[in-house]
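Please open the model in a viewer and keep the selection tool at hand. The stops below are given in the order in which they may be selected.

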Amino acid sequence: MRLHKLDKIMEEEGIQCSVILSGATIFYLTGYDYITTDIGNAVALVYCDKVPTLIVPVLEKNRAESKVGDKLEVLPYSYSLSGDNVFKGGLVEAIMSKLDVSKKIGIDIQNSSSSFYLSFKEKVPNFTDISKKLAIMRAIKEEEELELIKKAGNITTSAMRIGGEKIQTNGITEREVAGLIDMTMRNEGAEDYAFPSIVAFGENSAFPHHVPSDRKIREVDNAVIDIGARYHNYCFDSTRTFIKGNFEEARKIYEIVLQAQLEAIDTVTDGVKASEVDLTARRVIEKAGYGKYFVHSTGHGVGIEVHEYPAVSPTSNDVLRENMVITVEPGIYIKGKFGVRIEDTVIVTKRKPIVLETTYKYL
C-alpha cells in the first residue's frame, strides 16, 4: 500500500482526516480496484489519524477483503440488505460513521458527484480540497508502474499491427477491424481496454472520437486507429494513421502532423511546462495553414486512468516531472474529407523522453 504518500499530503495541508472517492486513487493507495466498474460515487477510503477504512457496497465486500486482506478495515454498506458488520445506509452516512468532524478534513472534490458533494457539505461544511495533490502524486510513476505501462504498450503494439494489416483487405469494415483489435488485446493478456477502440476510415477520420461503423475501407483511403490496452489496471494510448493507395492530400497532411509531433516530443523533459509541448506542435500546424483544424489539446497524462494529470494543453499550468507518462498526439481534421492523428505515449526523463512506440509511424 502507498498510504505513506497520503500521509505526506496530509502533513503538508495540515489535515488529520481524508476522504478519497476516486476509484483510481483508492486502487493506487490500497490495491483495491473498483475502477472499470465504478458508477458515480460508490466507494470511499476514509483515512483518519492513520487509520484507514475502505467503504464499499455490500456486494463488493468479499472481493474488497480478498484484495486488501487485513491491512485495513472493510466497511460494507446497504440501504436494504443486512448482515455481519453491514452499515445500514448510504455512502455518505457510512463515511460519517468513520469520520471525526472535529478534525481538519481533506477530500478529492474533483472526483465527487454533485449529489454527493451537496450531501457531504451539509454534514461537513469546512474541508480542504486535495484533488490536485492526489493527481500529482499519481502522475509521477514508480518503476513498477512504468513496467506495467510498457507491458500495456506491448499488448497495444500487437493489436495495432493487426489493425494495420487488416485495413489492407478491401471491403473490411471499421467495426470488423475494431473487433479484431479488441480480440488481439484480450488474447495478449489485457484485462480490458483503456477506452473503446477507435477505427475510422476516410471522412469518418475527421471525427476525433468516431465510433466504428460499417463503413468499408477503399482502395484509396486512410484509416485512423486509436487504441490502448489496460494491463493490471494500467493504461496505454496510441494512434496511427494509415494511408492506402495514391492519396496524396492525406500524405501531405500526414507529413505536417508528423513534423508537429516530432518537434513536440523533442520539448518533453523534466521541468518544462506542459503548455510548451502543446504550443510547439500547434505552431507547426498553424504555420502550415491548418491551425483551425487542430481541435484538441496535444496530450494528457496516462496511468491508472487513460486521461489523468498533467494536461498537455495551450493553457495548462502543469509542469512535467521525471517519470510522468504523457501522450503527444497532434492532429488535423477536415470535415467531410479526412483526418490525421499520430499519438505516442512517452515517459518524461531529465533528458530526452522515452517514446513507447507501437508500430511504424513513418510513411
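Begin with the largest nonpolar core, which has 81 residues; such a core is a set of buried Ala, Val, Leu, Ile, Met, Phe, Trp, Tyr and Cys residues joined through side-chain atoms within 4.5 Å, where buried means under 20% relative accessible area with a 1.4 Å probe, protein chains only. Select Tyr32, Leu54, Ile95, Leu99, Phe120 and Ile225, the residues with the most contacts inside this core. Helix α7 (residues 143–166) supplies its largest share, seven residues; helices are DSSP runs of H or I of at least four residues, and strands are runs of E of at least two, numbered from the N terminus.

This is a predicted model, in which local features need pLDDT of at least 70 and side-chain atom pairs count only at pLDDT 80 or more, while totals for chains, interfaces and linings use all residues. Residues are numbered from 1 along each chain as its sequence is written, and side-chain values use heavy atoms, with hydrogens and water left out.

Next, centre on Ile95. Leaving aside neighbours within four places in sequence, Ile95 is in contact (heavy atoms within 4.5 Å) with Val19, Leu21, Ala44, Val46, Ile55, Phe116 and Phe120. A second, separate core of 34 residues can then be selected through Leu258, Val272, Ile342 and Val348, which are among its members.

Turn now to the open sheet of three strands, ordered β8-β11-β12 with antiparallel pairing; two strands pair if DSSP finds at least two bridges between them. β8 (192–193) and β12 (234–235) stand at the edges with a single partner strand each, so one side of each has no neighbour in the sheet. Finally, select Asp192 and Arg230, its bridge partner in β11.

Note on methods. Buried means under 20% relative accessible area, exposed over 50%, partly exposed in between (1.4 Å probe, protein chains only).
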